[in-house]
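Student: Hi, could you walk me through this one? I'd like to start with a helix and its neighbours.

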Amino acid sequence: MARHRRGKGFSDEEKIQHIYQQFATLAYYIAIDVLQDKEDAEDAVQETFIRIMKNITRIAHPFSLETKNFVAILCKNISLDMLKRRKYKKVEEIFSYTPDGSLEPDSYDLVSGNETIRVIADEIHKLPDRYKDCMYMELVLEFDYREIAAILEHKPETVRKRLQRGKKVLRKKLEEKGISYEK
């Protein structure tokens, strides 16, 4: 006998079924919008519902606006995390580091084979994390500060300031080595 009432009285299994039926499409559209990749979006939706299943006892009303918002926010955050990991993986492929923090010689060829690029990459790597992450995302991955803010879940103004300060520190370090930095 199927229950059709909205609200309390659903078993955990019924809640999961209703939430999936109601919000899986919404979650997929959110994931595809963030990730721009069908397979990754499907993975994000799957991870969203796995996490929902783990926390199903916290959901009282599977049809509520609160539940819809929970699914949307959770899926968006999972998608942004996946995007962040994907972007960092690309950075790691370009800039592979040895345990002492210096670039491996093979990665020089991936970047351009240019000694100046190697020095710039080394100096970016030496920046404090709050600047380094933003600088990589802007200079290597070519994101603008608003995209970086979304990925790192910071305010756009915070990212803009970190980029500005990071560039100032980088410019100073490069000038000490006789390298002009204009970006």
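**Helices and their contacts**

Tutor: Buried residues of α2 are Ala 41, Ala 44, Val 45, Thr 48, Phe 49 and Ile 52, where buried means under 20% relative accessible area with a 1.4 Å probe, protein chains only. This is a predicted model, in which local features need pLDDT of at least 70, side-chain atom pairs count only at pLDDT 80 or more, and totals for chains, interfaces and linings use all residues. Residues are numbered from 1 along each chain as its sequence is written, and side-chain values use heavy atoms, leaving out hydrogens and water.

Student: What caps the N-terminal end of α2?

Tutor: Asp 37 does, with a side-chain oxygen 3.3 Å from the backbone nitrogen of Glu 39.

Student: And how far are the C-alpha atoms of Ile 78 and Ala 44 from each other?

Tutor: They are separated by 6.2 Å, although the two residues are 34 apart along the chain. Ile 78 lies in helix α3 (residues 65-94).

Student: Is Ile 78 buried or exposed?

Tutor: Ile 78 is buried, with a relative accessible area of 3%.

Student: Switching topic: at what angle do α7 and α8 pack?

Tutor: Helix α7 (residues 145-152) and helix α8 (residues 156-176) pack at about 115 degrees, with their axes 8 Å apart. That makes α7 roughly perpendicular to α8, a term for angles of 65 to 115 degrees.

Definitions and conventions:
Buried means under 20% relative accessible area, exposed over 50%, partly exposed in between (1.4 Å probe, protein chains only). Helices (H or I, at least four residues) and strands (E, at least two) are DSSP runs, numbered from the N terminus. A polar contact is a pair of N or O atoms within 3.5 Å; within protein, one must be able to donate a hydrogen and the other to accept it, and residues adjacent in sequence count only if both atoms are side-chain atoms. Axes are lines fitted to C-alpha atoms, for helices over the stretch in contact, and angles run from 0 to 180 degrees between N-to-C directions. Angles under 35 degrees count as roughly parallel, over 145 as roughly antiparallel, 65 to 115 as roughly perpendicular and the rest as oblique.
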